[in-house]
Amino acid sequence: MATAATRFEVTASQTESEVIVGVQADIDAPIDVVWAVFHDFEHSPCFVKSLYSSHASPLGPEEWLVDRVGIVDLGLFNLHLGAKYRIHLDPILYRSQSQLISGDVKSMQNTLQLTELDQDHTQLSSHAEVETPAWFPKTWSQTLLVKQARSAFQDMLNEVQKRATTHEATICPPR
């Protein structure tokens, strides 16, 4: 499937304790379609291959508790990692902020910002700070997080393209 992005970049840097992952994309789709895909917490495992499960519970009008299990491809085997996030959505500013509550990493926070360039073009900017667990080799952290981000964002961009052209969401296959 062709991607919805004319520009799609994933960058990373590493401090003593954290990996900082940035994602930038110029997307050929209306902002409401992009927003809907990136915040479709319940259905995201249908189109993001690295998600095994995702369940969302409302905490308030714009607050969600999202419980996810992801699949990390380590080459010879896959690792399932769980995480529970508190997510604040600001649909007026097209901004979301996520904070890890519990999970298999030490800490994580993420900010996603969408900006409408015109009625059919959206700019995406994501900034995540992740502190990996002590048992995970620091030398792998940055490479693995970039790979995971690139794959997950590409899957979401593919879903944006699908929804922008067909106006239909991907239907989950039975598990």
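Analyst: Grid points are joined across faces, edges and corners, and a volume is the space filled by probe spheres set on the points. This is a predicted model, in which local features need pLDDT of at least 70 and side-chain atom pairs count only at pLDDT 80 or more, while totals for chains, interfaces and linings use all residues. Residues are numbered from 1 along each chain as its sequence is written, and side-chain values use heavy atoms, with hydrogens and water left out.

User: How many cavities of 30 Å³ or more does a search of the whole structure find?

Analyst: Rolling a probe the size of a water molecule over the atoms shows where empty space is left. The second largest cavity holds about 30 Å³ of space, and the largest has a volume of about 1100 Å³. For cavities of 30 Å³ or more, the search of the whole structure gives a count of 2.

User: Which residues are closest to the centre of the largest cavity?

Analyst: The lining of the largest cavity divides into 30 nonpolar, 12 polar and 3 charged residues. Here Ala, Val, Leu, Ile, Met, Phe, Trp, Tyr, Cys and Pro count as nonpolar, Asp, Glu, Lys and Arg as charged, and the others, Gly among them, as polar. Of the 45 residues that line the largest cavity, the closest to its centre are R68, Y85, M108, Q148 and A152.

User: Which element gives the most to the lining of the largest cavity?

Analyst: Elements are DSSP runs numbered from the N terminus: helices (H or I, at least four residues) and strands (E, at least two). Those that give two or more residues to the lining of the largest cavity include β2 (19–27), α1, β4 (63–73) and α3 (138–166). The top contributor, with 8 residues, is α3.

User: What are the classes of the residues in the lining of the second largest cavity?

Analyst: Among the residues lining the second largest cavity are Q14, E16, V19, V130, K138 and S141. β8 and α3 each supply at least two residues of that lining. By class, it has 2 nonpolar, 5 polar and 4 charged residues.

User: What pattern does the protein chain follow along the sequence?

Analyst: The protein chain has 3 helices and 8 strands. Read along the sequence, they come in the order β-β-α-α-β-β-β-β-β-β-α.

User: What is the radius of gyration of the protein chain?

Analyst: The radius of gyration is taken over C-alpha atoms, and the globule rule is 2.2 Å times the number of residues to the power 0.38. For 175 residues the rule gives 16 Å, and the chain's value is close to that, so the chain is as compact as a globular protein of that length. Its C-alpha atoms fill a box of roughly 45 × 30 × 30 Å along the principal axes. The radius of gyration itself is 16 Å.

User: Which residues of α1 are buried?

Analyst: Buried means under 20% relative accessible area, exposed over 50%, and partly exposed in between (1.4 Å probe, protein chains only). Helix α1 (residues 31–38) is mostly covered, with 6 of its 8 residues buried. They are I31, V33, V34, W35, V37 and F38.

User: Which residues have the most contacts inside the largest nonpolar core?

Analyst: A nonpolar core is a set of buried Ala, Val, Leu, Ile, Met, Phe, Trp, Tyr and Cys residues joined through side-chain atoms within 4.5 Å. The largest one has 40 residues, and α3 gives the most to this core, with 7 residues. Those with the most contacts inside the core are I27, F38, L124, F153, M156 and V160.

User: Which residues does M156 touch, not counting those up to four places away in sequence?

Analyst: Contact means heavy atoms within 4.5 Å. With residues up to four places away in sequence left out, M156 touches V37, F38, F47 and V48.

User: Is S50 buried or exposed?

Analyst: S50 sits in the loop between α2 (44–47) and β3 (51–60). Beyond four places in sequence, S50 touches G70, I71, Q148, A152 and D155. Its relative accessible area is 14%, so S50 counts as buried.

User: What is the relative accessible area of L79?

Analyst: L79 lies in strand β5. Beyond four places in sequence, L79 touches G70, I71, V72, L74 and W135. L79 counts as partly exposed because its relative accessible area is 21%.

Conventions. 1 Å grid on protein atoms, 1.4 Å probe; cavity = no way out; pocket = protein on both sides within 12 Å on 5 of 7 lines; lining within 4 Å.
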